[in-house]
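Hi,

Here is the structure I said I would pass on.

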Amino acid sequence: MDELMNKNTDTPTNQIRTESVDVLIVGGGPAGLAAAVQLYHRGIRSILIVEREKQLGGILRQCIHDGFGLTRFKTTLSGPEYAKRFIDEVNELQIPYITDAAVLEVTDTKLVTAATRDGLRQWKAGAVILTMGCRERTRGALGIPGERPTGVFTAGVAQAYINLYNIMPAREVVILGSGDIGMIMARRLTLEGAHVQAVFEIQPYPSGLPRNIEQCLNDYNIPLYLSHTVTAIHGNKRLTGVTISRVDEHFKPIPGTEKEYSCDTLILSVGLIPENELSLDAGVTLDGRTKGALVDEYFQTNVEGIFAAGNVLHVHDLVDFVSMEAEALADSAAEYIREGTLPDCPVEIRTDRNINHTVPQRVSGTRGFKLSMRVNRPIKECRIVVRQDGVEIAAKKMKKAIPAEMIQMTIDPDKLTAAGDLEVCVEC
């Protein structure tokens, strides 16, 4: 028996064979697909997409409404149609991909380990592209007091029930949060026969796009109440109702403003969080404002050879911007594979109190780039100004800037220098 035990322990088992690849893409959603196709067109052939779902396409598979593609393809498409354009191109170019595979670890040496249907697999990559998307903020993150009945869903889960699994989850509905998915689900549930009583938003302004307020709420006579939130959940096995209260400027419920709403379903549309656990494991530094990686103009993180784009970097309002950002990243990743390095980016980008964040957060100062940003609050009749050493190098005049819409500016390389931080501010 002892001899058998010694024999078993001396024999190596379950060893993982490490494969090599020029670029490994974590996530086969709109960002990962666009990056893969662009890499191929830039001459990189050793590419692998690793996707944890059973199919490519990411969240777009369940977004059956139209409105996608107006910027990228100059036509309106549904989510599945938009994804299919890239999936078809990936298949046509014969770019390798693995589905039903969960990436377990990405190291700072670009060693990627994944659990697949064939067991554990490992790759040593020349560059890693992070395109994992984001997840929804849940009830637990909000800390809403009350019972724990069934009938409380995030907007994305409710969308998946109806659009992917043909399951109707609700009849009498209250929606907390005016995010785009929540408003789209207000319309979807109404079309499927449910009664959406109202949408409640804790902020004093809507958090979704104006077109969704008009097309999903106003067109269906669904009221939107600002500066309101859920302060209690009622029910035993199934949700029976919620308590809604007004909030003050500090988002604290105002006593005496409570109102009861009878419902069997509460839909939460209260924000998205970039999915960055793998990024942290790899030593990637995150931005406290975007909850995504700190990147330079090449979309490279602080870890050399690891790049990020799409909703894992910062939450986008349009999938078209996700794809275009990923394509710009792919150009940089291709340059990195060919050259072995990218130029330093010592110029920091700083903001005033009206700007929530910018992407990128640092640049080289030697070439032009596209600057993406969001404001902290709705601002009318303003100018977004970019300065370096007190000199205005770019400006954009806006009738209205709102947090729901990402603002983009193209910075002219002729006006940049490699010394002196950039400052982004709002002038009213």
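Predicted model: local features only at pLDDT ≥ 70, side-chain atom pairs only at ≥ 80, totals over all residues.

First, some housekeeping. Residues are numbered from 1 along each chain as its sequence is written, and side-chain values use heavy atoms, with hydrogens and water left out.

Helices (H or I, at least four residues) and strands (E, at least two) are DSSP runs, numbered from the N terminus. Two strands pair if DSSP finds at least two bridges between them.

Start with β2, residues 47-50. It runs parallel to β1 (residues 18-26), joined to that strand by four bridges, and V26 sits opposite V50 of β2. V50 also has I98 as its bridge partner in β3; β2 and β3 (residues 97-98) are parallel too, with two bridges.

Is β2 buried or exposed on its faces? Both faces are covered: I47 and I49 on one side, L48 and V50 on the other, are all buried. Buried is under 20% relative accessible area, exposed is over 50%, and partly exposed is in between (1.4 Å probe, protein chains only).

Seven bridges hold β12 to β13 (residues 239-246), and A232 faces T243 of β13.

The other open sheet has five strands, ordered β20-β18-β25-β22-β23, and its pairing is mixed. β20 and β23 (391-401) are at the edges with a single partner strand each, so one side of each has no neighbour in the sheet. β22 (residues 379-388) pairs with β23 in the antiparallel sense over nine bridges, and C382 has M398 as its bridge partner in β23.

**A nonpolar patch**

I16, L104 and L120 make a nonpolar surface patch of about 250 Å². Patches use residues with over 30% relative accessible area and no salt bridge; like charges are joined within 9 Å, and nonpolar side chains (Val, Leu, Ile, Met, Phe, Trp, Tyr) within 5 Å. Areas come from the Shrake-Rupley method with a 1.4 Å probe, and for residues only the protein chains shown count as cover. I16 is in the loop between α1 (2-10) and β1, and counts as partly exposed because its relative accessibility is 32%.

**Salt bridges**

The count is 16 salt bridges, each being a side-chain nitrogen of Lys or Arg within 4 Å of a carboxyl oxygen of Asp or Glu.

- R52 and E275 meet at 3.9 Å, N to O. R52 is in the loop between β2 and α3 and E275 in the loop between β16 (272-274) and α8 (277-281), so the link spans distant parts of the chain, 223 residues apart. R52 is exposed at 52%, whereas E275 is buried at 18%.
- E297 and R367 meet at 2.7 Å, N to O. E297 lies in the loop between α8 and β17 (306-308) and R367 in the loop between β20 (362-363) and β21 (369-375), so parts 70 residues apart in sequence are tied together. E297 is buried at 5%, and R367 is partly exposed at 30%.
- R350 and D421 have their closest N and O atoms 2.9 Å apart. R350 is in β18 (residues 347-351) and D421 in the loop between β24 (407-411) and β25 (422-427), so this pair ties together parts 71 residues apart in sequence. R350 is partly exposed at 46%, as is D421 at 26%.

Salt bridges with shared partners also join R52, R135, E275 and E277 into one network.

Cheers
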